[in-house]
Structure formats: C-alpha cells, structure tokens
Amino acid sequence: MSAMSAEGQLVFDIATPPSYAAEDFVVGESNAQAHTLVQSLAWPTPLAVIVGETGSGKTHLASIFAQRHEQVFTFSGTLPDPSEAPDFIIIDGLDQWAGEHDDTVFHTLEAARARQAAVLLTSRQPPEALPIQRPDTLSRLRAGARATLGVPDDATFTAIAIKQF
C-alpha cells in the first residue's frame, strides 16, 4: 500500500515480516547470556526466565528454543493436554498472564515439574515486579535461571539494522 507524503513524494509501506529463525538472531553483549540460556538446558532448575523490554528479542529467543526441541507446548492461557505430555513449555509474555491467570500458570508449572519438563518464560518485567498473587508461583519463578536482555550496543544495533534491510 502506498500514500502521498506532505512533500508530494510517494511513500510505500514496505514492512518485512519478522523472522524468528535461529540464523537471523544477532548475538551481542546485551543478549549473549539469554542466547546461551536457550541454546543449553544446563539450568540449575528446569525453569528459565528471560526478561527484556518490548522488541528486545524475547519472542525470537523463545522461537529458537522451540526450534531446538520437539514436543513443545506454547502456553496461551490454558493448561497443556495431559495426554500430549510435552517435554518443553514456553510461556512467552508471562507479564500478560500474571495476576488474572495465576492459578493456570501455577498448575502449568506444577504439571511441568511432575513430568520433569523444561519451562522457558519471557516477560517485560522480572517476576517479582508482576502482580503474581500466589507465593508458591513466585517462589518457583525466582528459583529458575534468569537472563536479562539489555539495550544493544552500537555494533549489535548496526548488525540488526543491516539484517532488516
């Protein structure tokens, strides 16, 4: 779709869809720890949390995690089907489920623990800053491995910009 700018120039809306392929993720100082976290399951507990601002790469990292493993369940407000028994669970956007869906999140974490399934969570805020009402849910989230995505340095930002075009 195109439009005319105030200066009379034709403006094209050329948005490329995001690619969540592993080879399209640019690793830099700001995200190396989180990238390592999704590449390895050497976590102290079978739960890991990635915290970062909107657009920092949380969903991309969750997608890389999903691509590396089979039988992945992506949480969308409902419990996984017990007959499917996934080995890996992703809760992308914990901040949108915290509070209102505390019980469902808790039972998802408990079901994963019972099956010894690994859980990867992403959030814009650390679990302690979320409106989580259940102390047992919060304690499980605190016990997990954690990586925080920072602001990309100039070299990483440049590499990301080049990849976009």
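This is a predicted model: local features need pLDDT of at least 70, side-chain atom pairs count only at pLDDT 80 or more; totals for chains, interfaces and linings use all residues.
Let me start with burial: of the 165 residues in the protein chain, 41% are buried, where buried stands for under 20% relative accessible area, taken with a 1.4 Å probe and with protein chains only. Residues are numbered from 1 along each chain as its sequence is written, and side-chain values use heavy atoms, with hydrogens and water left out.

On the overall fold, the protein chain holds six helices and seven strands, these being DSSP runs numbered from the N terminus, with H or I of at least four residues for helices and E of at least two for strands. Along the sequence they are arranged as β-β-α-β-α-β-β-α-α-β-α-β-α, and the C-alpha trace spans about 60 × 30 × 30 Å along its principal axes. If we take contacts with a separation of 6 or more, 71% of them join residues 24 or more positions apart, a contact being heavy atoms within 4.5 Å.

Now to the pockets, and a word on the term: on a 1 Å grid over the protein atoms alone, a pocket is an open set of points where a 1.4 Å probe fits, with protein on both sides within 12 Å along at least five of seven lines, and lining residues have an atom within 4 Å of a point. Volume here is the space filled by probe spheres set on the points, which are joined across faces, edges and corners.

The largest pocket has a volume of about 800 Å³. It is lined by 32 residues, and those closest to its centre are Tyr20, Gly55, Ser56, Gly57 and His60. Two or more lining residues come from each of helix H2 (58-68), helix H3 (94-97) and helix H6 (154-164), with H6 giving the largest share, four residues. By class, this lining has 16 polar, nine nonpolar and seven charged residues.

The second largest pocket holds about 170 Å³ of space, and its lining includes Thr45, Pro46, Leu47, Arg113 and Arg140. Helix H4 (102-115) and helix H5 (135-143) each supply at least two of the lining residues, and the largest share, three residues, is from H4. By class, there are seven nonpolar, one polar and two charged residues in this second lining.

Definitions and conventions: Ala, Val, Leu, Ile, Met, Phe, Trp, Tyr, Cys and Pro count as nonpolar, Asp, Glu, Lys and Arg as charged, and the others, Gly among them, as polar. Buried means under 20% relative accessible area, exposed over 50%, partly exposed in between (1.4 Å probe, protein chains only).
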